[in-house]
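Colleague: I'm new to this one, so please take me through it slowly.

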Amino acid sequence: MAEHHAVSDGKHKASTNAGGSVHGNSRPGAAGGGGGKGGLSGGLTQPAGWQSLLSFSILFLACLAGFSSRLFAVIRFESIIHEFDPWFNYRSTHHLTTNGFYEFLNWFDERAWYPLGRIVGGTVYPGLMVTAGLIHYMLNLLHITVHIRDVCVFLAPVFSGLTAISTFLLTRELWNQGAGLLAACFIAIVPGYISRSVAGSFDNEGIAIFALQFTYYLWVKSVKTGSVFWTIGCCLSYFYMVSAWGGYVFIINLIPLHVFVLMLMQRYSRRVYIAYSTFYIVGLVLSMQIPFVGFQPIRTSEHMAAAGVFALLQAYAFLQYLKDRLTRQEFQTLFFLGVSLAAGVVFLTVIYLTYTGLYAKIHIPIIASVSEHQPTTWVSFFFDLHILVCTFPAGLWFCIKNINDERVFVALYAISAVYFAGVMVRLMLTLTPVVCMLSAVAFSSVFEHYMGDDTKREKPPAEDSSDEDDKRNSGNLYDKAGKVRKHVSEQEKAEEGLGPNIKSIVTMLMLMLLMMFAVHCTWVTSNAYSSPSVVLASYNHDGTRNILDDFREAYYWLRQNTDEHARVMSWWDYGYQIAGMANRTTLVDNNTWNNSHIALVGKAMSSNESAAYKIMRSLDVDYVLIIFGGVIGYSGDDINKFLWMVRIAEGEHPKDIRESDYFTPQGEFRVDKAGSPTLLNCLMYKMSYYRFGEMQLDFRTPPGFDRTRNAEIGNKDIKFQHLEEAFTSEHWLVRIYKVKNLDNREPLDHKLRSVVPKQKYTSKKTAKRKRGHIKNKLALRKGKKLQKK
Amino acid sequence: LYCSYTLLSEKLTQMMEWASKRSVIRMNGDKFRRFVKAPPRNYSVVIMFTALQPQRQCGVCRQADEEFQVLANSWRYSSAFTNKVFFASVDFDEGSDVFQMLSMNSAPTFLHFPSKGKPRRSDTYELQVRGFAAEQLARWVADRTDVQIRVIRPPNYAGPLLLGFLLAVIGGLAYLRRHNLEFLFNKNVWAFSALCFVLIMTSGQMWNHIRGPPYAHKNPSTGQVSYIHGSSQAQFVAETHIVLLFNAAITMGMVLLCEAATSDMDIGKRKIMCVAGIGLVMLFFSWLLSIFRAKYHGYPYSFLMG
């Protein structure tokens with residue numbers, strides 16, 4: 001808990017400082033752009049020196065706060081890779097560091113998707129692994145020996161600091177330095193971003209948000225300057241983004257949209273032309289270097305908007321060129337209108353196609369089964385963004401009211417990101433940075449006016465001496481430009497009326513809101529986003545903690561006790577973990593590229609034992625691993641996911657599996673006596689509840705009482721014919737079954753046919769006494785045969 | 001035997017005649033008894049029991065009816081149309097005796113009356129489980145009668161038409177005012193529409209659009225109407241409207257605060273604006289926080305309101 005307080009204090013201070021410093025440079029900033037450019041040379045005696053020192057320390061504190069608030073999981077548990085996908089990333093990073101880059105690019109993983117295998121090098125975004133591998137290499141070069149796992153665990157928190165810096169840079173370009181500092185503080189601690197970047201969550205998004213923000217910063221910079229240098233920087237950053245995350249599609253659509261809207265607004269300029277032409281060509285060529293992306297940028301509909309805008313820009317530039325030569329203005333404007341209309345129609349169609357594609361994807365069961373692909377409720381927005389979600393429309397308002405080239409960009413960014421975040425919870429991640437920036441703009445504009453320097457009495461508490469200095473010095477700063485000064489004095493005169501009391505009240509209340517935001521962020525991070533999900537923890541009434549380490553226990557058992565080439569069947573959620581922790585071959589995993597293979601596993605799980613055995617034999621399964629939460633009341637177990645298995649299996653095998661068979665006639669999914677017989681005899685049910693009927697957890701409940709579903713199970717007498725229990729972890733969370741080999745000979749239900757008549761025959765004969773025996777010597781028969789011939 | 005044969009062919013021609021007029025045959029009690037219940041019959045009938053009269057206020061019935069019509073039309077106008085299967089509907093207000101006869105007390109219900117034998121358990125469509133999408137109904141019908149129906153939905157022209165109309169209106173306006181296109185450069189209009197879009201999205205209207213929740217929940221026993229859903233996983237439409245308003249109020253408060261400091265109105269007005277702004281922000285944010293707290297169980301923080 002000490003950690004908790006330290007973190008939240010640090011954040012609060014950071015945001016307060018940011019607020020305090022805003023007025024120092026925002027006035028000149030309001031006229032144009034970044035304030036503290038010339039100040040770097042001045043030293044501490046110069047006001048600008050103080051300003052840059054202050055900015056630097058605020059940024060540093062923001063990074064520090066961002067880094068440390070992501071460490072909850074490491075401190076509570078240990079330095080461990082979280083969840084599912086990160087285990088694959090970790091495994092491939094490990095492969096990269098042990099075998100080298102080219103080996104990694106050509107890696108064919110025969111341990112996944114048995115018997116198909118998976119070409120890993122060509123089906124991943126390698127940016128994450130290469131980044132972690134490079135850091136590991138550099139550290140080892142400097143003789144700082146760290147294990148690659150620690151590099152992977154701490155990569156996302158480190159990159160969150162870089163994200164804060166690039167957000168600062170971008171916001172400074174858009175508004176002013178004060179807003180930039182506020183935005184950096186916001187993005188450092190906002191839960192919407194922390195959810196994807198806590199320590200241990202070694203996933204693409206962790207580094208991709210940095211790449212996204214940095215690309216946007218460089219893009220805005222290149223539109224502002226029109227220099228090829230910045231554009232090439234933007235392309236390189238875009239290349240990094242393409243190598244890191246599939247979300248690069250967002251960039252390659254947003255930047256053309258920006259250019260298109262700039263043209264519509266008649267804000268076309270040579271700077272835009274240079275920036276976009278360079279960006280499109282170089283970015284296209286670079287993005288095609290990633291094996292997984294390949295020729296997609298010139299094939300798929302997602303990238304067509306960029307190509308269309310490129311063509312349009314060339315046409316527009318050509319017309320502009322002609323315009324200087326020709327005089328028929330009317331004709332040209334008409335022509336322009338026609339071209340832009342046609343282009344707009346093409347653009348809209350492309351967007352529509354993309355949208356319908358996206359929409360269709362949502363309705364495929366395997367995609368719908370992932371909870372991240374759901375639409376977003378307002379509660380999620382508020383939970384992830386708190387005060388920012390309420391105030392960022394105000395920032396958007398200010399940006400549109402004071403529009404310029406780069407603010408067009410941020411407005412488009414906000415509108416498109418908010419749409420995608422509404423459609424899919426997961427895309428909240430792309431919304432978060434722009435919300436931070438625009439909220440920072442809103443708060444900064446308020447502070448700018450209400451922390452005014454015209455009255456010394458109402459300044460915030462004097463403990464921040466740097467704040468006061470900054471304030472005093474900022475007055476001197478204005479002496480530099482006469483024009484700005486005049487503007488300021490006008491405002492001062494106007495502001496006198498509001499009075500110090502109102503101003504200080506407004507300031508205090510705003511700071512209070514920000515403080516609540518910091519507290520909320522810490523609470524959410526600590527409670528919702530810092531669970532490794534590989535290790536579970538439960539709390540007793542007196543606050544002591546039980547660690548449930550069943551997953552690792554079971555995976556380690558697999559690693560130690562099974563054949564090296566054993567094939568483990570499980571639902572796809574656990575594929576990466578089995579491969580990463582147990583190092584065994586899996587049938588399906590979280591890279592859900594082959595739906596029919598997954599459906600086959602789903603079919604095996606939802607069939608009865610003998611039918612399942614046939615499928616498992618054909619897939620060479622040695623072990624089956626399932627997750628069962630009935631003993632400890634863990635709700636994310638396989639019985640709760642079971643309907644998805646049935647649905648996915650039904651999609652491919654509608655003749656054999658029917659979802660309605662697993663429901664009661666009333667349409668309920670029940671595991672007790674009233675449950676449907678198909679469910680009570682399917683493989684998943686039997687494996688989950690094998691021997692569970694003998695177990696009495698509590699004196700108040702009958703034996704075989706499932707705590708997750710609060711029901712006494714309906715089938716307590718479970719016997720296996722083709723499987724045997726191999727391992728059950730301490731809290732029964734993971735159960736592993738061995739698939740028996742075929743018996744030497746199929747035992748028959750009835751006696752052998754040849755035996756029965758013989759016995760009957762002889763008995764019949766013996767019943768007829770010995771006389772018949774003599775007759776049966778059959779000298780007679782031989783004689784007959786001979787006679788006939 | 002001959003008598004029943006003529007009766008059968010008579011019934012069949014009658015059914016065919018009705019089916020040619022409208023794809024879903026409307027039945028009352030008499031017709032139902034004669035053509036569905038009475039024995040000589042060699043055709044299957046799929047019947048929707050419903051209550052479409054406006055005073056019944058059955059919203060689900062109307063949606064189910066649309067889907068049923070889609071299915072029946074797909075069958076009626078398909079090339080494989082035969083007299084093996086008919087689609088019919090019985091409205092509660094026209095044939096309440098049928099409802100009593102079958103001891104049915106909920107609508108809509110889909111029943112299949114097979115050509116041979118009595119209806120079995122699986123001849124009742126599991127509405128709760130499978131929903132009333134026409135595709136699901138078609139699968140059920142195919143399962144019961146071996147008649148495969150390919151559901152063909154009449155393409156919905158309303159959306160594109162509306163969009164086209166809107167574009168035409170905008171284009172027309174722009175053309176009429178082509179010498180004075182200043183309104184296109186009005187930042188207030190653009191800023192306002194951007195804000196509207198953002199507020200609509202952040203208040204979860206997209207969730208409503210995809211999931212279709214009820215407007216509010218009325219407790220049947222006490223009659224109390226709750227506008228806020230108790231769980232953080234779901235929401236009512238009313239709730240999202242409230243949140244939209246609150247978000248808008250907070251945004252307006254922030255804008256007012258800035259306006260109060262920068263505008264050149266007289267000082268009294270500006271003071272009022274400033275106080276109103278900070279009041280809006282504080283009041284509605286704490287209110288929003290209290291709603292959030294009520295929904296997100298275990299959330300410890302509140303502000304001004306408990």
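Colleague: Let's start with one residue: what is the relative accessibility of A:Glu725?

Modeller: A:Glu725 has a relative accessibility of 23% and counts as partly exposed, where buried means under 20% relative accessible area, exposed means over 50%, and partly exposed lies in between, with a 1.4 Å probe and protein chains only. Please keep in mind that this is a predicted model, in which local features need pLDDT of at least 70 and side-chain atom pairs count only at pLDDT 80 or more, while totals for chains, interfaces and linings use all residues. Residues are numbered from 1 along each chain as its sequence is written, chains are lettered from A and ligands numbered from 1 in the order in which they are written, and side-chain values use heavy atoms, with hydrogens and water left out.

Colleague: OK, and which side chain meets that of A:Glu725 in a salt bridge?

Modeller: That is A:Arg735, with an N to O distance of 3.0 Å; a salt bridge here is a side-chain nitrogen of Lys or Arg within 4 Å of a carboxyl oxygen of Asp or Glu. Because A:Arg735 sits in strand β11 (residues 734-739) and A:Glu725 in strand β10 (residues 723-728) of chain A, the pair ties together parts that are 10 residues apart in sequence. Helices (H or I, at least four residues) and strands (E, at least two) are DSSP runs, numbered from the N terminus.

Colleague: And A:Arg735, buried or exposed?

Modeller: A:Arg735 is buried, at 0% relative accessibility.

Colleague: Now the two chains: what is the area buried between chain B and chain A?

Modeller: About 5,500 Å² is buried there, and carbon and sulfur atoms give 78% of that; buried area is the accessible area (1.4 Å probe) that two parts lose on being put together, summed over both. The contact, meaning heavy atoms within 4.5 Å, takes 59 residues from chain B and 55 from chain A.

Colleague: How many salt bridges are counted between them?

Modeller: The count between chain B and chain A is 0 salt bridges.

Colleague: Which helices of chain B each supply at least two residues of the side that touches chain A?

Modeller: Those are α6 (134-145), α8 (187-202), α9 (205-211), α10 (237-262) and α11 (267-295) of chain B. The most comes from α11(B), with 14 residues.
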